[in-house]
Amino acid sequence: MRENYIAAKELIDKAKRILVSGHLSPDGDSLGCMIALARMLCAAGKSAFATADVNALGKLTFLEGTKDIIPVRKLRGKSFDLFIAVDCGGFDRMPPEVRPVAEKLPTICIDHHVTNDGTFGNVQIVDPAASSAGEIVWRIAKWMEWPIDRPIAEALWVAMVTDSGRFAYDSTKPSTLRAASDLLKHDVRTSYINDLIYGTFNRKSIELKRIAWRSLHIWKNRKVAEVTLTRDDFRSVRGTKADAEDIIEIPRSVAKNEIALFFYQIPDRTKETRCSIRTRGEWDATALAAKFGGGGHLRAAGCTIKAPLGVAKRKMRSAVRDMLSQPRRTEVK
């Protein structure tokens with residue numbers, strides 16, 4: 001890994017204008033990494049810019065640095081000499097507007113997904129054992145000796161907290177808490193951030209949860225639970241995916257649940273259906289997601305199924321039944 005860090009540093013040292021992007025519908029980990037990296041690179045004397053669909057940020061807009069993000073629709077015509085991808089391992093997981101700008105650039109990939117095959121980018125800093133991409137960015141910052149201020153610390157704190165389930169998931173290791181402890185030295189407003197992310201919800205979010213609860217479907221003796229939001233559901237409350245970020249917790253909260261599914265449609269993309277997957281026990285969420293070209297982590301994954309909602313549900317349910325019928329399960333360490 002040290003060789004990868006050195007190679008990444010060489011690319012950064014040569015670059016003047018750097019573009020940073022994460023995956024579609026950026027979550028706390030993806031957005032936090034983008035903001036932190038762009039700010040640290042600027043402090044290091046580079047012109048660095050994060051890009052994202054600014055309409056999909058939801059409540060995470062409280063992070064300092066979101067106002068500096070270049071909307072993906074305004075990327076055309078802009079030039080850069082280095083691209084850094086965070087929290088994803090390929091252009092297929094990013095906003096489609098990013099690829100035409102970034103595909104010809106030297107690329108550094110920073111990721112922690114177990115489904116990342118290590119082939120994307122000129123330099124890969126990939127650690128599937130890390131709690132979050134934010135934890136890896138923190139390591140890079142310490143190795144590069146980049147200074148960390150409060151906005152950077154808060155961005156990385158959000159990245160780590162959201163992807164580790166507030167340090168409750170199995171991915172939380174002593175190294176995770178050491179990184180978090182270091183961030184706390186920079187006056188991170190932990191209570192304020194926790195309340196904004198987990199303690200308060202806007203009307204759109206509450207309405208979407210109400211609709212999702214109505215759709216709750218439980219089967220396989222409570223082992224499997226699922227909820228659904230259609231394109232019309234989002235339109236009825238004028239909501240976006242950002243307003244439905246934690247709806248997967250509804251099926252996951254069912255007692256004895258082992259596989260939770262959240263099906264949803266993105267407005268104007270009715271020929272495809274997205275599915276968020278959460279698992280417990282010995283079931284591998286990535287095994288389900290990979291059947292449809294998706295990926296993620298052992299306990300949390302997602303995919304886009306190239307089919308309308310009804311067909312997509314049948315395909316995923318069939319994959320779940322096949323998984324549950326298999327005697328061999330993944331080992332949990």
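**Helix packing and a buried serine**

Biologist: Which helices do the buried residues of α6 pack against?
Modeller: Happy to start there, and please keep in mind that this is a predicted model. Helix α6 covers residues 174–184, and its buried residues are Thr176, Ala179, Ala180, Asp182 and Leu183. These buried residues pack against α4 (133–144) and α5.

Biologist: How do the buried residues of α6 fall when seen down its axis?
Modeller: Thr176, Ala179, Ala180, Asp182 and Leu183 are the ones to follow. An α-helix has 3.6 residues a turn, so residues three or four places apart point the same way. On the other side of α6, Pro174 and Arg178 are exposed. The buried residues line one face of the helix, because they fall within an arc of 160°.

Biologist: Is α2 roughly parallel or antiparallel to α5?
Modeller: Helix α2 (residues 28–43) and helix α5 (residues 150–163) have axes 7 Å apart and pack at an angle of about 160°. Angles over 145 degrees count as roughly antiparallel. That makes α2, relative to α5, roughly antiparallel.

Biologist: How many nonpolar residues does the contact of α2 with α5 have?
Modeller: From α2, the residues include Ile35, Ala36 and Met40, and they meet a set in α5 that includes Ile152, Leu156 and Val158. Three residues in this contact are polar and three are charged, while the nonpolar ones number ten.

Biologist: Is serine 21 buried or exposed?
Modeller: Serine 21 lies in strand β1 (residues 17–21). Among the residues it touches are Met34, Phe83, Ile84 and Val98. Its relative accessibility is 0%, so serine 21 counts as buried.

Definitions and conventions: Residues are numbered from 1 along each chain as its sequence is written. This is a predicted model: local features need pLDDT of at least 70, side-chain atom pairs count only at pLDDT 80 or more; totals for chains, interfaces and linings use all residues. Side-chain values use heavy atoms; hydrogens and water are left out. Axes are lines fitted to C-alpha atoms, for helices over the stretch in contact, and angles run from 0 to 180 degrees between N-to-C directions. Helices (H or I, at least four residues) and strands (E, at least two) are DSSP runs, numbered from the N terminus. Angles under 35 degrees count as roughly parallel, over 145 as roughly antiparallel, 65 to 115 as roughly perpendicular and the rest as oblique. Contact means heavy atoms within 4.5 Å. Ala, Val, Leu, Ile, Met, Phe, Trp, Tyr, Cys and Pro count as nonpolar, Asp, Glu, Lys and Arg as charged, and the others, Gly among them, as polar. Buried means under 20% relative accessible area, exposed over 50%, partly exposed in between (1.4 Å probe, protein chains only). The arc is that of the directions from the helix axis to the C-beta atoms.
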